[in-house]
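Have the model open while you go through them.

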Amino acid sequence: DNSDEFITKYRTCRRQVRECSGEADHHEGMSSDDELTPAEVTEFQKSKDNVLEDSRKVFEDVHADFCDIRKILLKFQEWKEKFPDSYCDAYISFCLPKLLNPLIRVQLINWNPLEQNFTELEEMPWFRAIEEFSDAKTVSES
């Protein structure tokens, strides 16, 4: 691949420049090649802000009962309690992950586990709603 060849030549050239200049405190593998310039950081932040703004609009034309995970799960819980045979025949446990996936993904767009003060998945409202639904399912089955 040409890009790998270019990077290798670039790094070799930089190493030779360091050796000639007497730079002794460089540690292999701790290169600044991956650091972003201020312009790149600004561009990234602008792009990220645009994505977050667009993500807020995804469900703006959807009725609140159908874009809130807790409300959706309550509807399924009611279905299960009122019509257990129909609920079981519909294989809801297989359908729920696909149904909830887009709703959860929108909520995770800004989530970054590498940040210092990130929110644990278990603390997120959607996670708790699913956990409560699962617990209710277990209790009603027992």
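This is a predicted model: local features need pLDDT of at least 70, side-chain atom pairs count only at pLDDT 80 or more; totals for chains, interfaces and linings use all residues.

1. Start with Ser-55, which sits in helix H2, spanning residues 38-57. Helices here are DSSP runs of H or I with at least four residues, strands are E runs of at least two, and both are numbered from the N terminus. Ser-55 is buried, at a relative accessible area of 12%. For the record, buried means under 20% relative accessible area, exposed means over 50%, and partly exposed is in between, using a 1.4 Å probe and protein chains only. What does Ser-55 touch, leaving aside its neighbours within four places in sequence? Its partners are Val-106 and Ile-109, where contact means heavy atoms within 4.5 Å.

2. A word on provenance before going further. Residues are numbered from 1 along each chain as its sequence is written, and side-chain values use heavy atoms, with hydrogens and water left out.

3. Now the rings. Phe, Tyr and Trp rings (the six-membered one for Trp) pair if their centres lie within 6.5 Å; planes under 30 degrees apart are stacked, over 60 edge-to-face, and the rest tilted. That rule gives five aromatic pairs. Take Trp-79 and Tyr-87: their ring centres are 5.6 Å apart with the planes at 85°, so this pair is edge-to-face. Tyr-87 is buried at 8% relative accessible area, while Trp-79 comes out as partly exposed at 27%.

4. Another edge-to-face case is Trp-126 with Phe-127, because the planes sit at 75°, with centres 5.8 Å apart. Trp-126 is buried, at 10% relative accessibility, and Phe-127 is partly exposed at 26%.

5. Have a look at Tyr-91 in your backbone check. It is not a glycine, yet its phi is positive, at about 55°. Where does Tyr-91 lie? It is in the loop between helix H4 (84-89) and helix H5 (92-107), and Tyr-91 counts as exposed, with 54% relative accessibility.

6. Last, the cysteines. A disulfide is a covalent bond between the sulfur atoms of two cysteines. With the cut-off for a pair of cysteine sulfur atoms set at within 2.5 Å, the structure holds zero disulfides. Cys-67 is partly exposed at 24% relative accessibility, whereas Cys-88 is exposed at 54%.
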